[in-house]
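Visitor: I'd like a close look at one part of this model, and then a walk through whatever else you can show me. Could you pick it apart once it's on screen?

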Amino acid sequence: MTELKRIIKAGFVNFSRSGIISWAAVLVVTITLSVITAIILLQAVLHFSLDQIKDKVDVAIYFNVDVPESKIMFLKESLENLPEVEKISYISATEALKLFRERHQNDYPTIQALDEIKDNPLGGYLNVKAKEVSQYESIANFLKSDNALVLGSTSIIDKVNYNQNKTVIDRLNNIISGAQKLGFLITMILVIVSIIITFNTIRLAIFISKEEIGVMRLVGASKIRVRGPFMVEGAIYGIIATIVTLVIFWPMTAYLGRNMTNFLGLNIYDYYVSNLIQISIIILLSGVLLGMISSFIAIRKYLNK
Amino acid sequence: MIYFNNVSKIYNEDSVALDDVTLTITAGEFVSIVGHSGAGKTTLVKMILADDVPTSGTVFFESINIPKLKNKDLTKLRRRIGMVFQDFKLLSNKTAYENIAFAMEAVGKSNEEIESDVPHVLELVDLSNKMFHFPNQMSGGEQQRLAIARAIINQPELIIADEPTGNLDAINTYEIVQILKKINDLGTTVVLTTHNRGVVDSIGKRVITMEKGRVIRDDKSGKYII
């Protein structure tokens, strides 16, 4: 207990006495944590945009005009049992007509033609939304297959617009998975680069204390007594860097939130503020662990004497 | 207390630091090891600290086979030995008080012991007025006195002083030697390496003379003769 207290105290004393070296290390850790925070925010924007795009994709199943609603509902239920299906909404023939009229309310010739027919020329349809964009194909195949569950369903279906949209859906699917892979790759590269830089800075800071470490060992200090204060120092770098990073990102996200919300589709400031606790925990843990582990590894070389 | 048996240290064919050294140091002795630079004095004391391992032969501290020590036991051994170096080897980012407190913390002394003993030992080496100075705010002689205070604070059985006066002027050298003699009078074994003739002659105790890695003279009450 006394040992731990002494180690922690020594860590703080060393930090304050190392002056500019300590602050250089804090600066580098701050840069690393800023990179991590920026990546968290970028990922949020990316996912938000991708989700919005994904949300716009669905497949409509159009039915023949005279199909009884019970049959449609039966198909709807069996589709709902598919694991790929996120949600299905049924638009009845009457609703379909209403929506059509709304959409074409300024298109006078069309409305006039519709009025002349008197009967509702439109059938009902199901809007199917899959969990993943890539799953539309299997849903379309299911509809084509005419299996026992949906006996005779092919005869009631007028058309499924999946085949029309297939190229667009496929391309979108490629873009989404590409964007996610690229995002992950860039994240990994940036994180690895900043970790290496931080590690080397801390290594330099400890290299300066090489002699001291040797002297401490000669005086008979145990490994943990020598290593402990350096690890405490590493943790202090992390804690201060976390605070600095959080403070820096406050006005930055506020500016982006005010000026870039339309472009990004997401208010970064709102996102930052509402996720502040999670972000703080992530970067605090990253910063403290990075500082402590770097110190732990960097000092190993000078301890084995 | 310390036994060297046929100890050799060979870095390569052209560089032999120790050549078949056999000697014994008994408890309570004041031993001066003298010789030119490169004679093997420092290598010899490094072996006692396990800071260097022999190529052949054995080094014992009482019943401890030093070169075979594990890391954990090494720490224990070093706590029984106080060390003083030519370049002082003080902790530069710690004050005089903290340098000594650190050595006490290392062996697990309590805060109360530290608070009462540190001022006492600083007074002993006449550094009471420099208690909260950093090493770079002190003169060479003061730094060496601080190093000695640190070496004796845990009441070691053996003090090893490797060229402690090498960087000091005549007056400071005299003071350091007087302190070491006082420590020896109180019963602690002292091993001193030096190439300072005046120092050795003023002590008048056992002198081991080394040359090219060999012990060439071992006098009970010797002078510096090369």
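Visitor: Let's zoom in on A:Val59: by its relative accessibility, is A:Val59 buried or exposed?

Guide: A:Val59 counts as buried, at 4% relative accessibility (buried is under 20% relative accessible area, exposed over 50%, partly exposed in between, with a 1.4 Å probe and protein chains only). Some bookkeeping: this is a predicted model, with local features needing pLDDT of at least 70 and side-chain atom pairs counting only at pLDDT 80 or more, while totals for chains, interfaces and linings use all residues. Residues are numbered from 1 along each chain as written, chains are lettered from A and ligands numbered from 1 in written order, and side-chain values use heavy atoms, without hydrogens or water.

Back to A:Val59, which sits in strand 1 (residues 59-63) of chain A (strands are DSSP E runs of at least two residues, helices H or I runs of at least four, numbered from the N terminus). Beyond residues up to four places away in sequence, A:Val59 touches A:Leu126, A:Asn127, A:Val128, A:Tyr136, A:Val160, A:Asn161 and A:Tyr162 (contact is heavy atoms within 4.5 Å). Take A:Tyr162 from that list: A:Val59 and A:Tyr162 are 103 residues apart in sequence, yet 5.6 Å apart in space, C-alpha to C-alpha.

Staying in chain A, have a look at the rings. A:Phe249, A:Trp250, A:Tyr269 and A:Tyr272 make up one aromatic cluster, and the whole structure has eight aromatic pairs over all chains (ring centres of Phe, Tyr and Trp, using its six-membered ring, within 6.5 Å; planes under 30 degrees apart are stacked, over 60 edge-to-face, the rest tilted). A:Trp250 and A:Tyr269 pair edge-to-face, 6.1 Å centre to centre with 85 degrees between the planes. A:Trp250 belongs to helix 10 (residues 223-264) of chain A and A:Tyr269 to helix 11 (residues 268-274) of chain A, so the pair ties together parts 19 residues apart in sequence.

A:Arg227 has its charged end over the ring of A:Phe296, 3.8 Å from the centre (NZ of Lys or CZ of Arg within 6 Å of the ring centre and within 35 degrees of the ring normal). Over in chain B, the charged end of B:Lys89 sits over the ring of B:Phe85, 5.3 Å from its centre.

While we're in chain B, helix 5 (residues 140-152) packs with helix 6 (residues 170-185) at about 10 degrees, axes 10 Å apart (axes are fitted to C-alpha atoms over the stretch in contact, and angles run from 0 to 180 degrees between N-to-C directions). Helix 5 and helix 6 of chain B are therefore roughly parallel (under 35 degrees; over 145 is roughly antiparallel, 65 to 115 roughly perpendicular, the rest oblique). Among the residues making that contact are B:Ile148 of helix 5 and B:Ile179 of helix 6.

B:Lys130 counts as buried at 18% relative accessibility.

Most residues other than glycine have a negative phi. B:Asn6, in strand 1 (residues 2-12) of chain B, has a positive phi near 50 degrees, and B:Asp20, in strand 2 (residues 15-25) of chain B, has a positive phi near 55 degrees.
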